[in-house]
Amino acid sequence: MTAPATSHVFDPDRVRWFPLGEFQHLELAMLGVDPRNTIVDFMVKFHANGRVFKHRHLAETRLFVVQGEHRIYAIDGRLQEVRPTGSYT
């Protein structure tokens with residue numbers, strides 16, 4: 001017989017968040033680094049109504065939205081995509 005699943009509540013106030021260089025409107029929490037496989041696991045907390053400038057990632061990046069929305073804007077400033085809570089891309 002398997003044990004019942006345990007329910008957990010994510011509390012972002014219990015995480016150590018740090019600024020990421022010159023990026024405004026977000027904070028970063030490092031979870032782990034695997035240099036052998038060149039993988040970095042981290043969480044990002046976007047500030048409400050803040051916009052992060054258009055940029056490219058140097059490696060494959062996967063995103064799971066825990067709360068709120070992840071909004072992506074085009075270079076001209078128009079809203080291009082909205083990823084709601086629970087989305088994984």
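A residue is called exposed when its relative accessible area is over 50%, buried when that area is under 20%, and partly exposed in between. In this predicted model, T38 has a relative accessible area of 68% and is therefore exposed.

**The β1–β2 hairpin**
- Strand β1, which spans residues 26–34, pairs with β2 in the antiparallel sense, and the pairing runs over eight bridges.
- Within this pairing, V33 stands opposite V40, a residue of β2.
- The two strands, β1 and β2, form a hairpin with four residues between them, and T38 is in the turn.

- Most residues other than glycine have a negative phi.
- T38, in the loop between β1 and β2, has a positive phi of about 50 degrees although it is not a glycine.
- H25, which is found in the segment before β1, also has a positive phi, near 75 degrees, and is likewise a residue other than glycine.
- With a relative accessible area of 32%, H25 is partly exposed, because this value falls between the 20% and 50% limits.

**A nonpolar surface patch**
- On the surface, F10, F64, V66 and Y88 form a nonpolar patch, and together these residues have about 440 Å² of accessible area.
- One of them, V66, has its place in the loop between β2 (39–46) and β3 (69–73).

Methods. Residues are numbered from 1 along each chain as its sequence is written. This is a predicted model: local features need pLDDT of at least 70, side-chain atom pairs count only at pLDDT 80 or more; totals for chains, interfaces and linings use all residues. Side-chain values use heavy atoms; hydrogens and water are left out. Patches are made of residues with over 30% relative accessible area and no salt bridge: like charges are joined within 9 Å, nonpolar side chains (Val, Leu, Ile, Met, Phe, Trp, Tyr) within 5 Å. Accessible areas come from the Shrake-Rupley method with a 1.4 Å probe; for residues, only the protein chains shown count as cover. A salt bridge is a side-chain nitrogen of Lys or Arg within 4 Å of a carboxyl oxygen of Asp or Glu. Two strands pair if DSSP finds at least two bridges between them. Buried means under 20% relative accessible area, exposed over 50%, partly exposed in between (1.4 Å probe, protein chains only).
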